[in-house]
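Here are a few exercises to work through with the model open beside you. Try each task before you read its solution.

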Amino acid sequence: MAENGVGASVRRKEDHRFLTGKGSYTDDLNVVGQTHAYFVRSPHAHATINNINTSAALAADGVVAVLTGDDLAADGIGPLICGVSVTSDDGEPHRAPVHSALAQGKVNYVGDHVAVVIAETLTEAKDAAEKVEVDYGILPAVTDTATAADDGQEQIHEVAPNNQCFNWPFGDKAAVDAAFESAHKVSSLDLVNNRMVTNPMEPRAAVGEYNSGTEEITLHLTTQNPHVHRLVMSAFNQLAPEHKLRVVGPDVGGGFGVKIFVYSEELVVGWACRKVNRPVKWTSDRTEAFLADAHGRDHVAHAEMAMDENGTFVAMRVNTTANLGAYLSTFATMVPSYLYAFLLAGQYSTPLIYSEVKAVFTNTAPVDAARGAGRPEATFLLERLVDVCAEDMGLDPAEIRRRNFIPVDAFPYQTPVVQCYDSGDYNAALDKALALADYEGFAGRAEEAKSRGKYRGIGISSYVEACGIAPSAAVGQLGAGVGLWESAQVRFNPTGNVQVFTGTHSHGQGHETTFAQLVTEQLGVPIENIEVIHGDTSKTQFGMGTYGSRSLAVGGVAIAKACEKLIEKGKKIAAHALEAAVGDIEFSDGNFTVAGTDKTMNIAEVAFNAYVPHSYPEGLEPGFDENAFFDPMNFSFPAGTHICEVEVDPDTGVVEIVKYSAVDDFGKLINPMIVEGQVHGGIVHGVGQALLEGCQYDSDGQLITASYMDYAMPRADNVPSFDVDYAPTNPPHNPLGVKGCGEAGAIGAPPAVINAISNALGIKHIDMPATPENVWRAAQTATS
Amino acid sequence: MQTVSMNVNGEPKSGEVEDRTLLVEFLREQLRLTGTHVGCDTSQCGACVVHVNGVSVKSCTMLAVQADGGDVTTIEGLANNGELHPMQQAFKDNHGLQCGFCTPGMVMSAIDIVNRNGSDVDEATVRKELEGNICRCTGYHNIVKAVHAGAKNMGG
């Protein structure tokens, strides 16, 4: 292993600037002559707009412009799009209502964008926004997921009868129904996957600048994927030709999915800076983030498992209603369909699975991918159902999992729901987790807790996810409008230091360190001489960004391939310089050597030589700078077992997590310190969903959890420290042997926590979030 | 509008502010000290924590005029001649940060926690006292480790 190479817990290169206040986030940017944008948002969940009177606002101090949906349409700015198609059971594509960046005639959720005020200062923009008079015709609101598509409900969009976006069946229904009819035992469960607000700590922001000389728009954004933003805004929104639009995602303060999407505010800022010919800055406040960031989850489901007399799963049947909110966000349709139903096999060899997903529109904020995206919903449903199966069969939850695990010699394993798992050893992870959690000692601890009047419970969650998103051919077949390869450029400068350009984007994941470790390992250049550059469409080649735990598994491989090309090129240059045949040049530890001799050049000398090609023969190209693209053959399938132990105070309903053990298979670890940090963060995201976070609309469509006073984020005193270990396997199709780790905790944790609480209380189920009130109510009827 | 003057990171600074101008707005917009962040509008997240007269303060909850005549330290003022403060170093050594957005407030709060509770502050106290600083990335595990390591280094 090279020093600071693969497997070393290198301290992060990016930390110095963040720790000294020198990070550069979008809101930190101030441009000479900038104006400030503030949005007039709908206070109603569902209303017609009869009239907008902007004259008083236009006359207010400092106001530069007040723009509405009519202005947007007049300038030919296209509506926001959803990039993935799902075919409904009637054979028609999903219903896609027009989603204008500024409302045209109607608003469909509280926080919907009605107009934008642009003024010299933010306070002037806010003051003037109060003066925009909007005449609303208030309509009844639809907010409840389960009943949104019922007959007699208010219709939100003409194109979507019964508020239905799609009804998507998948699987052999007849075969599954037959298996249920002849089953020894059927276990079933009704469950809700609670709606979450993603809440990266940095609110979204945008700064737009227009250069009338070059006719170029530069848009600094809180984005996880600058090139995707540029592509969508150019090709679908007609904001500007792609080569005249530069999108920069500078330091971004967390994403978790919510900064993938193209939002109204971003498009409007890009358009408005050209319209007013002044730089325009917009920064969301936290209330706006709650109202208008895409939300996550929000499913209601009924799940059934058919078993034989041994507790072997013979068939599974799932009926799900997914709330997509008022409009389709950029990848909304993909989340409750392909990223959900295709993971319903979990770690089990269930041969027959039938799923039906009904996606509905409601008068709530759009719902899209949030850390895990579909996979947490599938895992929560399955891992809760498995515990119910264990209870119904009188089996230990560990034992029923073991009986149904896909065996280690069955990989690659073709599930009945499209995915073909790459590698896994599910028993190994379970065994290690049981040991880490001292599962055998639990009964004694529960007894001791009882003597103190506490209910102690333990819960297992064995998850699998699909990461390394994604093979372009696979997603293309499914209806995605993009390919999901990744790109890299590795450039030596003449003095021997290296710039690595990646199409991924780092917003907390530590790519600047991990990717440099890959390069130092492969090329032998000291890590301090390697700089990773990302997030600017004018600096980096086209790339697809960061989400779906793809950056290392796809983007890292592209970097490795560019390094391979450099080694091949370096051999030719070294052969010329050392007067040897190319076939005789060997490369290791940063040195090109003529085999069997002491004639050698290090890679920095080769780089210098490549830029000073005074005697190059014809055909030997100067320069030392290579590009590579990588399109994976398959998803990667991280998996693991998480075990949560809780103590419940039956008098107060307070749940304390007393121990949490996680054993994951992420394949090879490049930087174990960073990976473990990703696991911790994911677990707390999942614990937040399980215990604390619940996004609530009232029946009028008012968001009643629109601040940190009302929406309970996990804080330091809500969670313990964690025991983390690994049970790696080697994914055969990934050249680096890596799988991805950013979402695992958020997927594994919710069922582990709820299984533990159900176990503590001796109840079948409790919905998330298991707040003290909910737990206390459940405890009143508990048998423990 | 009125004039406020204060020592910021050891240097005298002054500026014209409205009565309603918050300390964080003065620091970010006028002094361009953008290391202090704004993550919410209800004084909950703690991304804006600075020290005023040696005590941690949410600078979104204090008016600029209230800091008039005071000593303010922001994240930019912690390192000494390029050498990180022991708490900054501990956050780096223990991977106590990911996206970096909550980090300045975390570090400023952590130093205040150690100042008030001593270098042998226990885990429960650290967790309780970090309740006013929200982080979405780290799960707090490594932040708590970092605070303990930083506490030790500050004390020693």
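**Exercise 1. Confidence.** What is the mean pLDDT of chain B, and what percentage of its residues reach 70 or more?

*Solution.* Start with the ground rules: this is a predicted model, where local features need pLDDT of at least 70, side-chain atom pairs count only at pLDDT 80 or more, and totals for chains, interfaces and linings use all residues. Residues are numbered from 1 along each chain as its sequence is written, while chains are lettered from A and ligands numbered from 1 in the order in which they are written. Now the score itself: pLDDT is the predictor's confidence in each residue, from 0 to 100. For chain B the mean is 97, with 99% of residues at 70 or more. The model as a whole gets ipTM 0.98 and pTM 0.97.

**Exercise 2. The chain contact.** Describe the side of chain B that touches chain A.

*Solution.* Step one, count residues in contact (C-beta atoms, placed from the backbone, within 7 Å). Chain B puts in 44 residues and chain A 42. Step two, find the helices (DSSP runs of H or I, at least four residues; strands are runs of E, at least two; both numbered from the N terminus). On chain B, H2 (86-93), H3 (103-117), H4 (123-129) and H5 (141-155) each give at least two residues to this side. Step three, sort by class: Ala, Val, Leu, Ile, Met, Phe, Trp, Tyr, Cys and Pro count as nonpolar, Asp, Glu, Lys and Arg as charged, and the others, Gly among them, as polar.

**Exercise 3. Two domains.** How many residues of domain 1 of chain B are in contact with domain 2 of chain B?

*Solution.* First set the bounds, which come from an automatic or database domain assignment: domain 1 of chain B is 2-74 and domain 2 is 86-155. Their C-alpha centres lie 21 Å apart. Then count: 14 residues of domain 1 of chain B meet 10 of domain 2. S3 (49-52) and S4 (55-58) of chain B each supply at least two residues of the domain 1 side, and S3(B) has the largest share, three residues. By class, that side holds six nonpolar, eight polar and no charged residues.
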